[in-house]
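Colleague: Please put the model up so that we can go through it together, one point at a time.

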Amino acid sequence: ATAKGPLGAMPTVKYQFAPAPRDDGGSSQSRNEAMSVYVLPPIWYPDGVLGLDPGWYVKIGGGANDFFDEDRADDAVADLDDGNAYDYLKRLTDLHRVHLFDVVMQYRAIFGDADGDDEDDEGSSEGTTHASGLPGLLYGWSAHRVGEYLALVEKTLPRIDEGGALASVMEHCGYCGGSLARVGLDFRPMLPPLFADAARGIFTRAMDAAAGEFERTVETHRWATAPSSAAARAKERERDASGGDGDGGGVEAASAPPYALLEHVPIAALTNAILAALNDLRHCALPQLRQPLADELRACIERCAHALMRVEARRFGRGERSAGDEDPDAGTFNAFTGACKALAEVAAPYLEGCYGRVFRGGEKLVDVRGAVAGLKSSIVSA
């Protein structure tokens, strides 16, 4: 609020002090402005604003009376369209980067950087300097604005469902933090926990979706071996790829999905879904996610193994089939057993190795042997 009545009618007063002798070639107007100090009409600050006691304050310097106007910044944020989380976060970041940088630079241009060196102001919050190099009043306001910004980022990040978009936003926020670091407002160390939680949410949802789709598929799948021609072509391709030519062909073969999985459609679909999630994760593979996401991958594989064990008990277990279930023949059972072996002995170890390519050495954290131990003991080794 601005002063009312006589205080509101108070004019802006310009004081000029004696010039120091210099010859910098500037115009007389610029020299006069450099020697001038403005005392503006008083401004009312209510309780709690900027850490000040309620009362009238006189701002020394030029510019508008809303130098620290909270409403102006909040209105600009409220005007942003948050329909698209990716675009919203980028615009929000740009807004805060420009606004905070401008305010700090204007404050320094008016008051200088020596506020904290005045021994006569030891008891005043305006006369103290924070470790960031900012005066106490400015630091309090800036910390509040940065906190508001990070809270909005944390609130919006779960709405981003693609790893590439998440990585792009993280890079944009990091650029903003680096820009503000030049004026003592570097918040980049506070970003990794926010983006780690968002990346973990994306990967967890992908694992849950992959396991859920696998469970639904195996309940109704008609188990049959792949046509001999398709299986023969798959084996021929795998044999050609494993041969390599000594200049990297072996590496490509090791990273490509095993062709043997083509004989078992549910296992191949599961492998593709997990590979897509790992591909998404590599854009934002923060170090603190190594163990949590290894646990998520293990839980997904274990859930799929248990789904096959339930199918075996219901459709192939003796004396446990319902009246409507048809009696499986030897070929159907062999196809089902082959799918179980493909998950336990081919897909699971391969996915474990893929996780190690996202997080170097991370394959040791997944423990797929434990995830498929029950399936191997009850079906594969039977």
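Colleague: Leaving aside its neighbours within four places in sequence, which residues is L308 in contact with?

Modeller: This is a predicted model, in which local features need pLDDT of at least 70 and side-chain atom pairs count only at pLDDT 80 or more, while totals for chains, interfaces and linings use all residues. Residues are numbered from 1 along each chain as its sequence is written, and side-chain values use heavy atoms, with hydrogens and water left out. With contact taken as heavy atoms within 4.5 Å, and with neighbours within four places in sequence set aside, the partners of L308 are F214, V218, W223, I267, F336, C340, L343, L375 and I379.

Colleague: Which residues have the most contacts inside the largest nonpolar core?

Modeller: A nonpolar core here is a set of buried Ala, Val, Leu, Ile, Met, Phe, Trp, Tyr and Cys residues joined through side-chain atoms within 4.5 Å, where buried means under 20% relative accessible area, exposed over 50% and partly exposed in between, for a 1.4 Å probe and protein chains only. The largest such core has 85 residues, and in the chain as a whole buried residues make up 36% of the 382 residues. Inside that core, the residues with the most contacts are L157 and L308.

Colleague: How do the directions of α7 and α11 relate?

Modeller: Helices (H or I, at least four residues) and strands (E, at least two) are DSSP runs numbered from the N terminus, and axes are lines fitted to C-alpha atoms, for helices over the stretch in contact, with angles from 0 to 180 degrees between N-to-C directions. The axes of α7 (residues 191-220) and α11 (residues 290-316) come within 10 Å and cross at roughly 10 degrees. Angles under 35 degrees count as roughly parallel, over 145 as roughly antiparallel, 65 to 115 as roughly perpendicular and the rest as oblique, so α7 and α11 are roughly parallel.

Colleague: What is the make-up by class of the contact of α7 with α11, and which residues does R303 touch?

Modeller: Ala, Val, Leu, Ile, Met, Phe, Trp, Tyr, Cys and Pro count as nonpolar, Asp, Glu, Lys and Arg as charged, and the others, Gly among them, as polar; on that basis the contact has 13 nonpolar, 3 polar and 9 charged residues. R303 is in helix α11 and is partly exposed, at 29% relative accessibility. The C-alpha atoms of R303 and F214 are separated by 9.4 Å, although the two are 89 residues apart along the chain. Not counting residues up to four places away in sequence, R303 touches D208, A211, G212 and E215.

Colleague: How do α4 and α6 pack, and what is the class make-up of their contact?

Modeller: Helix α4 (residues 85-111) and helix α6 (residues 163-181) have axes 10 Å apart at an angle of about 0 degrees, which means that α4 is roughly parallel to α6. By class, the contact of α4 with α6 has 10 nonpolar, 4 polar and 3 charged residues.

Colleague: What is the phi of D367 near?

Modeller: Most residues other than glycine have a negative phi. D367, in the loop between α13 (363-366) and α14 (368-371), is partly exposed, with a relative accessible area of 38%. Its phi is positive, in a residue other than glycine, and is near 60 degrees.
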